[in-house]
Protein chains: 2
Amino acid sequence: MEEDKLVCSEKCPHFNKINKVKEREPKADEYLKLSNMFKLFADETRLKIICSLLKEELCVCDLCELLNLNQSAVSHQLQLLRNSKLVKFRREGKQIFYSLDDEHVELIIQMALDHIVEEEEKNGKLL
Amino acid sequence: MEEDKLVCSEKCPHFNKINKVKEREPKADEYLKLSNMFKLFADETRLKIICSLLKEELCVCDLCELLNLNQSAVSHQLQLLRNSKLVKFRREGKQIFYSLDDEHVELIIQMALDHIVEEEEKNGKLL
DNA sequence: TAATCATATGAACAATCACTCATATGATGT
DNA sequence: ACATCATATGAGTGATTGTTCATATGATTA
């Protein structure tokens with residue numbers, strides 16, 4: 001949130017590069033939406049919920065069991081996922097069943113896992 | 001961080017489903033690493049840094065210009081990205097040039113963008 | 001229509017985090 | 001050696017966030 005203070009000498013900022021980046025980069029509101037999306041994946045509890053729903057439709061109490069967490073905490077996180085349209089739900093009597101509402105989610109997580117595995121191979125094996 | 005309090009009736013938790021999920025789900029330390037990875041993408045500043053480095057190697061002051069943010073803030077975020085091996089750097093005189101150190105990053109961001117675009121189409125066009 | 005069950009929600013609190021300010025480091029030129 | 005430039009780092013602070021506790025809602029059953 002700063003302005004007008006040039007960081008280094010007049011020669012330093014590489015304006016050709018900077019302009020190239022500016023041309024191609026996401027727009028301001030896309031950055032916001034992207035970071036909000038990644039925030040949802042950035043918490044272990046939500047991540048476990050998402051991964052649990054990848055292949056199975058589950059009710060709230062199933063998720064409590066799986067996460068070993070109380071109902072309120074789970075419901076609060078489900079609300080966030082609902083608001084962002086990442087999960088959908090249906091009522092069946094007293095229970096409410098949640099499931100994923102997106103095809104990209106699995107790919108995003110898989111790719112992040114690939115990164116982690118590769119990172120571990122780099123560090124673990126070659127040193 | 002709770003235990004022993006069964007959330008709903010004995011009939012409710014669908015143990016067959018729960019066990020299926022448990023078989024396939026990531027391990028505890030993988031969840032931790034995943035969420036830590038996504039935390040890096042979950043902040044607008046870091047996201048802008050990452051996207052800026054997608055195609056161009058840039059020095060710290062270039063990033064300050066691009067993000068319109070002071071040098072200290074940028075350096076702090078770069079440190080986080082460095083620690084997680086998401087970016088690498090090389091010295092050239094007084095300047096330090098940063099670049100991405102991962103091939104998955106671009107795919108992850110692209111997929112998240114796809115999700116956002118699709119979401120907008122769903123909401124904007126069809127209603 | 002009470003009572004109960006599954007889930008949702010509001011308020012409060014502790015922990016985390018991104019930024020700022022001040023200062024340190026490490027390379028360059030004089 | 002000294003001043004300067006580009007960047008890094010530590011401490012402090014306000015804002016955000018995940019969890020808990022208490023309570024509300026909405027469907028079922030007696």
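Me: Which residues have the most contacts inside the largest nonpolar core?
Reply: This is a predicted model, where local features need pLDDT of at least 70, side-chain atom pairs count only at pLDDT 80 or more, and totals for chains, interfaces and linings use all residues. Residues are numbered from 1 along each chain as written, chains are lettered from A and ligands numbered from 1 in written order, and side-chain values use heavy atoms, leaving out hydrogens and water. A nonpolar core is a set of buried (under 20% relative accessible area, 1.4 Å probe, protein chains only) Ala, Val, Leu, Ile, Met, Phe, Trp, Tyr and Cys residues joined through side-chain atoms within 4.5 Å. The largest one has 70 residues, and those with the most contacts inside are A:F38, A:F41, A:I109, B:F38, B:F41, B:V74 and B:I109.

Me: OK, what does B:V74 touch?
Reply: Contact here means heavy atoms within 4.5 Å. Skipping neighbours within four places in sequence, B:V74 is in contact with B:I49, B:V60, B:L63, B:C64, B:L67 and B:L69.

Me: Is A:I108 buried or exposed?
Reply: A:I108 sits in helix α6 (residues 104–126) of chain A, helices being DSSP runs of H or I with at least four residues. Leaving out residues up to four places away, A:I108 touches A:M37, B:F38, B:I108, B:M111 and B:A112. Its relative accessibility is 0%, so A:I108 counts as buried.

Me: What kind of axis relates the two copies?
Reply: Superposing by least squares on C-alpha atoms of residues with pLDDT of at least 70 in both, chain A can be laid on chain B with an RMSD of 0.0 Å, by a turn of 180° and a shift of 0.0 Å along the axis. The copies are therefore related as by a two-fold rotation axis.

Me: Which element gives the most to the surface near DNA strand C?
Reply: Several elements give two or more residues, including α4 (60–67) of chain A and α3 (44–53) of chain B. The one giving the most, with six residues, is α5(A).

Note on methods. Buried < 20%, exposed > 50% of the residue type's maximum accessible area, 1.4 Å probe, protein only.
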